[in-house]
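Subject: Structure handover and notes

Hello,

Here is the structure you will be working with. My notes follow below it.

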Amino acid sequence: MTASPPNSHTPENFKRSLTLRFAGLLFLFVALLGSTYVAVSTAVNAKEYDSLVVNLAGRQRMLIQKYGREINQALVGLAVSDSEMVLEMKKHASRTAELYESTHKAFLSGGWVETEEQGRVEIPAIQEAVIIMHLGHVEAEWNELRGDMVQAQHSDIPALKRNSLVARIHEQTTKTVAEMDHAVTLLQEDSEAKLRRVRAYLATACIFGIILFLAIMAFVRARIVAPLDHSMTALQAEITERKHAEEGARTAQEQLLEQQRSETERVQAELEKARGQLVTQIRLASIGQVAGSIAHDLRNPLGSARNAIFYIKRYVPGADPDLIEHLDIINEEINTADGIISDLMNMTRSKPLVRQELDFGEVVQSAVQRAKLADGVCCRVTLDPDPFTLEADPGQLRQVVQNLLSNAAQALNGEGQITVEAKRGKDCSEIEVRDNGCGVAAEHRDRLFEPLFTTKAKGTGLGLTICREIIERHGGSIELVDRDEPGASFRVRLPCQRTTNPLRPGGS
Amino acid sequence: MPAKTQAQQTIKVLIADDEKNMRTTLASILKREGYQISTAATGEEAVDLCSKEGFDVILMDVRMPGIDGVEAFRQIRKHREGVRVIMMSAYSVDEMKEAALEEGAIAFLSKPLDVEKVIKLVGEVKDTTILVVEDDEQTVKLLDTELSDAGYKVTVTPSPHDALELIEQIRFDLIFIATKLPSMTGLDLYLAIKKINPTAVAIMITGMEEEFEAIAREAVRCTAYTFVKKPLDIDHILGLLERITGQRASGAVKKPRPDTA
């Protein structure tokens, strides 16, 4: 299983980076809102201060003007001759007026103002301080004034007039202070309320903005990111699947290659075998061609020779037994020569099989007769079941048995035992021809059935080749069997099952 | 040695073979048997001789320079329909054999020759040869006696295999085939015989049982000549034979060529 290479484009990484980006954006947005809030709030504050200041200043002037007039009137009403006291009172009044004027100016001009107690004070901070100061001043001054008034009461100023005046002034000052107080308080409350309102609006807007932002993000996520993610996951799954399939295909291919390899080997082995067989067949065929043409050439003279023998034996009178014997010898040799030609011919030109159901016992009898075994050779036949029927070409099967018998007889060198056994195997008949002669040497075993191979001094070396050829054309097999006892043993197997028509000629 | 009959003295034999010694030895033997011999060294010579005079039987070698034996046989038969020819060949399995037997050769013998057989065949050349393939002894005895008495040359065998071997070499004028035989049915034997010699004339012998009669009918359907039922009516059979051999003697009827069944 191959590991997927570290890839920044996997779905997990993508999600992560996207989330990070959203978080970043959110943070920025919030920060932006926050700063906007602060900025606006400050600006409003400042603005509020401004209007507050203006308001306050306006009121104060009004008050100053009003009370200034009153004071003057009061003073005038007093008609005090004592110029020192009057001067003093005027001084106080004008000083108060100046103070107010300068303060007012300062309010209007903005920036800062010089105060006695706190020195230079900047306007935003001035509000409370100024009011307090003013109140203080006003109180102080009016106290002074009151004091002066009280004094004036005691000097020789018409008492009634003086009292009502002082009372009125007292009343006025108290009222003024209270009014100023009230006004300032109102203004303060008002501005604070406004400020609060602004702040509330801002906060709401910020929250709303954040919610909107989140909603948009959610929307974006749902519509864009999720499907993207989905398709990426699907793609990933498909890639994994493809990889699996590729693996599978690769494995299958390797298996196939392996199969092909072993198949090729097998085919090659078979080809080798077939080639070997073909070579054998070609050799046989070429021998056959030569044999064929030789046969004719040989058989004609043999025929004439035999005819001549026949003639002499039959028609020439007074035949001497010696002569007859020698003529017989000649005949015999002609037969031998003919036999050799027959062997050659049989091997090369296979007669088509005429399969019949036959009695194997009869075939063996006939083969024993023809093989002309020596007297010292005893042949024992065991058939199981008896009679033993099988399907084959009788003539050619007899030829095979005859051949095996004469090979066995030669191995026994004129004395010994040959056993022919026939029994049923599984779907075949098994025939064994055994002798207790000299056996087959180990080095000859593989070559026994080769054409032209013989261990005998005389002989074509074709006997066993022909046997195998005939048996194989019947669909059977013939082989030398390993046995513990001395001697050779050949086992022939012939297939049993055949079609119902026994006369259909089989073979090549 | 078969006794010389009247007929034999007039039997004229032509020996056609390209080997001088074969001609010499065969001629010597057959002359001693009392036949009149002529010889030819080539197929053309044989045809020539036959156009001038009639021979009862020709011993023809198959492989000769010039035209081969079968061709010579054909040419001779144009003018002499009923000519009887015994083919000889050094090849035991010769492609010519089928052609020769189809043309109507009496026999196809392999060299070196079995001289006894040659003598016998030549002697019987004017006779009608009958092969009886039957294992029922009674029937065999009956047929053998009756037919031989009637002048036919009868050969008997109970074994279908031996019958096939004989037929491979010799053409019989007529074959009696029993429907019930050891190791194969009469029908199968007939079909095998037909493969070797398509023009064989066969008469099936069948017993009472239906199954055998069915076999016999089937054989006839495959162009066996006819069938006869046991117990055999000899007169009927002899009559049949006369008709068949009558046809033969005239040389007119070659058994209609059977289609490959």
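Which residue in β7(A) is the bridge partner of Glu421(A)? The bridge partner is Glu432(A).

First, the ground rules. This is a predicted model: local features need pLDDT of at least 70, side-chain atom pairs count only at pLDDT 80 or more, and totals for chains, interfaces and linings use all residues. Residues are numbered from 1 along each chain as its sequence is written, chains are lettered from A and ligands numbered from 1 in the order in which they are written, and side-chain values use heavy atoms, with hydrogens and water left out.

**The sheet in chain A**

Helices (H or I, at least four residues) and strands (E, at least two) are DSSP runs, numbered from the N terminus. Two strands pair if DSSP finds at least two bridges between them.

An open sheet of 5 strands runs in the order β4-β6-β7-β9-β8 (chain A), with mixed pairing. Its edge strands are β4 (377-384) and β8 (477-480) of chain A, and each pairs on one side only. From one strand to the next, the twist averages 15°. For such angles, axes are lines fitted to C-alpha atoms, for helices over the stretch in contact, and values run from 0 to 180 degrees between N-to-C directions. Helix α6 (residues 360-371) of chain A packs on this sheet and touches β4, β6 and β7 of chain A. The direction of α6 makes about 170° with that of β4(A). Contact means heavy atoms within 4.5 Å.

**Strand β7(A)**

Buried means under 20% relative accessible area, exposed over 50%, and partly exposed in between (1.4 Å probe, protein chains only). Cys428(A), Glu430(A), Glu432(A) and Arg434(A) point one way. Ser429(A), Ile431(A), Val433(A) and Asp435(A) point the other way.

β7(A) has these pairings:

- Strand β6 (residues 416-424) of chain A runs antiparallel to β7(A), joined by 7 bridges.
- In the hairpin of β6(A) and β7(A), 3 residues lie between the strands, and Asp427(A) takes a positive phi near 40°.
- Strand β9 (residues 489-495) of chain A pairs with β7(A) in the antiparallel sense, over 7 bridges.
- In β9(A), Glu430(A) has Arg493(A) as bridge partner, and Glu432(A) has Arg491(A).

**Gly439(A)**

Gly439(A) lies in the loop between β7 and α8 (463-473) of chain A. Gly439(A) is partly exposed, at 25% relative accessible area. Leaving aside neighbours within four places in sequence, Gly439(A) is in contact with Gly487(A) and Ala488(A).

**Rings and charges**

A search of the whole structure gives 5 aromatic pairs over all chains. Rings of Phe, Tyr and Trp (its six-membered ring) pair if their centres lie within 6.5 Å; planes under 30 degrees apart count as stacked, over 60 as edge-to-face and the rest as tilted. The Tyr311(A) and Tyr315(A) rings have centres 5.3 Å apart and planes at 55°, so the pair is tilted. Both residues lie in helix α4 (residues 159-315) of chain A, 4 residues apart, about one turn of the helix. Tyr311(A) is partly exposed, at 21%, whereas Tyr315(A) is buried, at 9%. Ring pairs link Phe310(A), Tyr311(A) and Tyr315(A) into a cluster.

A charge sits over a ring if NZ of Lys or CZ of Arg is within 6 Å of the ring centre and within 35 degrees of the ring normal. In chain A, the charged end of Arg468(A) sits over the ring of Phe449(A), 4.0 Å from its centre. In chain B, the charged end of Lys12(B) sits over the ring of Phe55(B), 5.5 Å from its centre.

**The sheet in chain B**

Here 5 strands form an open sheet in the order β7-β6-β8-β9-β10 (chain B), with parallel pairing. β7 (153-157) and β10 (226-229) of chain B each have a single partner strand, so one side of each is left without a neighbour in the sheet. The twist averages 20° from one strand to the next. Strand β9 (residues 202-206) of chain B runs parallel to β10(B), joined by 4 bridges. Met204(B) stands opposite Phe227(B) in β10(B).

Best wishes
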